[in-house]
Amino acid sequence: MIAQIRGHLIHKSPGLIIVETNGIGYQLFVSLSTFYDLPETQQNVVLHTYTHVREDLLQLYGFSTLLEKELFQLLIGVSGIGPKLAINILSGISPSELVRSLSAGDMARLVSIPGVGRKTAERMLLDLQEKAHKVQTRGALPRIDLRPADGITEDVVSALVNLGYKKNQAEKAVERVLRQAPEITLEKALRESLKVLSAG
């Protein structure tokens, strides 16, 4: 299993990146949390990785922190949650907030994550609440790395479309959020837009 990759970031888009190392370009699926932590293309990057293998498939998933990788592995151990949904969950909530929500049994926060219905949230709590509490008591939840909000509309809309929202819905939500808080950071804009969309 490939546990870590270090190389040259040659392509990045919300949800998918390519890292070149020793002349080979590795495609990795990433959450929005990891995407926002990445440097610009043509820079060096180090990512923790998880190798997902099926009979007809081999996929790499990349994570900027060990906490996010650990949560991904916990999530795919829950019945009904595959790698794609796990990445979507980690795109809709930061790793540290997910730990806190699971530990506290915050059902309302969990069902507000795109792609997570009540049954999935219940299974997550049943399987992961105690494990999340152990992660939380270990401490060392990472700081949230925020970027300034200049020119973020396109990035946020693209991320929301990748999560399954229609483009016009996403644009309206982002416009509303930025109108209320023009100096908002990228991660905050995404979260607030998700709240607007989940509220209908």
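Which residues do ring pairs link into a cluster? The cluster is made of F29, Y50, Y61, F63 and F72, where rings of Phe, Tyr and Trp (its six-membered ring) pair if their centres lie within 6.5 Å. This is a predicted model, in which local features need pLDDT of at least 70 and side-chain atom pairs count only at pLDDT 80 or more, while totals for chains, interfaces and linings use all residues. Residues are numbered from 1 along each chain as its sequence is written, and side-chain values use heavy atoms, with hydrogens and water left out.

**Aromatic rings**

- The count of aromatic pairs comes to five, and the rings of F29 and Y61, with centres 5.5 Å apart and planes at 35°, form a tilted pair (planes under 30 degrees apart count as stacked, over 60 as edge-to-face and the rest as tilted).
- This pair links distant parts of the chain, since F29 lies in strand 3 and Y61 in strand 5 (residues 57–63), 32 residues apart; helices (H or I, at least four residues) and strands (E, at least two) are DSSP runs numbered from the N terminus.
- F29 counts as partly exposed at 22% relative accessibility, whereas Y61 is buried with a relative accessible area of 4% (buried means under 20%, exposed over 50% and partly exposed in between, with a 1.4 Å probe and protein chains only).
- K12 lies over the face of F35, at 5.5 Å from the ring centre, the rule being that NZ of Lys or CZ of Arg is within 6 Å of the centre and within 35 degrees of the ring normal.

**Nonpolar cores**

- The largest nonpolar core has 31 residues, and I17, V156, L160 and L190 have the most contacts inside it; such a core is a set of buried Ala, Val, Leu, Ile, Met, Phe, Trp, Tyr and Cys residues joined through side-chain atoms within 4.5 Å.
- Among the elements that give two or more residues to this core are strand 1 (4–13), strand 4 (44–54), helix 7 (153–162) and helix 9 (186–199).
- A second, separate core of 28 residues includes L67, L71, I87 and M107.
- Leaving out residues up to four places away in sequence, L190 touches L32, Y36, S91, V156, A159 and L160, contact meaning heavy atoms within 4.5 Å.

**Covered helices and residues**

- Helix 3 (residues 83–92) is mostly covered, with nine of its ten residues buried, including P83, I87, S91 and G92.
- S101, in helix 4 (residues 95–104), is buried with a relative accessible area of 4%, and beyond its neighbours within four places in sequence S101 is in contact with I93, D106, R109, L110 and L125.
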